[in-house]
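Subject: Structure handover

Hello,

Please find the structure below. My notes on it follow.

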Amino acid sequence: MKPKLVMPGDQLSTSEELLPGDGTFEENGIIRATRLGTYVIDEKHRTAEVKPITSIPVVLKKGDIVIARVTNAKEKMIIAEVKHVAGNNRSISSDTDATIYVKEIAQGFIKEASTEYKPEDYIRAKVIQVKPSLQLETKERGFGAIKALCSKCRHSLVKKSHGLECEYCGNKEYRRIADDYGTLDFQRL
Ligand SMILES: [Zn+2]
């Protein structure tokens, strides 16, 4: 396959054909690019991926706004893997395993971190510390979950007036969501 240049938001494939991989997003069965780059299919894992266009990787720094995928939700902290700097198409050369402590999730008091985000959620967050460990916060309005899946059937949760709901099985769930959940601004991905 000849490498194909894609833009954020471009349709790449469907969730019936492939799984969404790095640099992509699945919404309503459509896999789209989240960054500018080259579209490649990982045949082994059957995933659609968008490789960053530049080979010069970026080192994370304090104040960066990043897109991260939650890998573990505990009582006192969320563990997430930073995928890329929002609006930036470069890969990251520094450590991408990040922690969000419960007090860094919201302005107000939160009892348990695991009620706010769940594994496999995609979140937008800000880097507040790089060394000795990567730490993020999601206190401001534009931060929080930008994509979450139903914990029962894995379909996308849709934003309704009362909160998030799975249109497939009717399950209602809670997340702390970013202001653009469901109407994603691809410039901010
Ligand atoms: Zn469901």
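The centres of domain 1 and domain 2 lie 23 Å apart, taken over C-alpha atoms. The domain assignment puts domain 1 at 4-52 and domain 2 at 65-145; such bounds come from an automatic or database domain assignment. Five residues from domain 1 and five from domain 2 make the contact between them (contact: C-beta atoms, placed from the backbone, within 7 Å). On the domain 1 side, two of these residues are nonpolar, one is polar and two are charged. Here Ala, Val, Leu, Ile, Met, Phe, Trp, Tyr, Cys and Pro count as nonpolar, Asp, Glu, Lys and Arg as charged, and the others, Gly among them, as polar.

Two points on conventions. This is a predicted model: local features need pLDDT of at least 70, side-chain atom pairs count only at pLDDT 80 or more, and totals for chains, interfaces and linings use all residues. Residues are numbered from 1 along each chain as its sequence is written.

Now the fold. The chain has 16 strands and zero helices. These are DSSP runs, numbered from the N terminus: H or I of at least four residues for helices, E of at least two for strands. Of the 189 residues, 34% are buried (20 or more other C-beta atoms within 10 Å of a residue's own, with C-beta atoms placed from the backbone).

Strands pair if DSSP finds at least two bridges between them. β3 pairs with β7 (residues 47-52) in the parallel sense, over two bridges. L19 has T47 of β7 as its bridge partner.

The largest nonpolar core has 33 residues, and V66, A68, A80, I123, L136 and A145 touch the most other members. A nonpolar core is a set of buried Ala, Val, Leu, Ile, Met, Phe, Trp, Tyr and Cys residues joined through C-beta atoms within 7 Å. Several strands give two or more residues to this core, including β8 (65-73), β9 (77-85) and β11 (122-129). β8 gives the most, with five.

Which residues does A80 contact, leaving aside its neighbours within four places in sequence? They are A68, R69, V70, T71, A98, I100, I123 and L136. A second, separate core has eight residues, among them V6, L18, I31 and V50.

Best wishes

Terms used. Buried ≥ 20, exposed ≤ 12 C-beta atoms within 10 Å, placed from the backbone. Contact = placed C-beta atoms within 7 Å.
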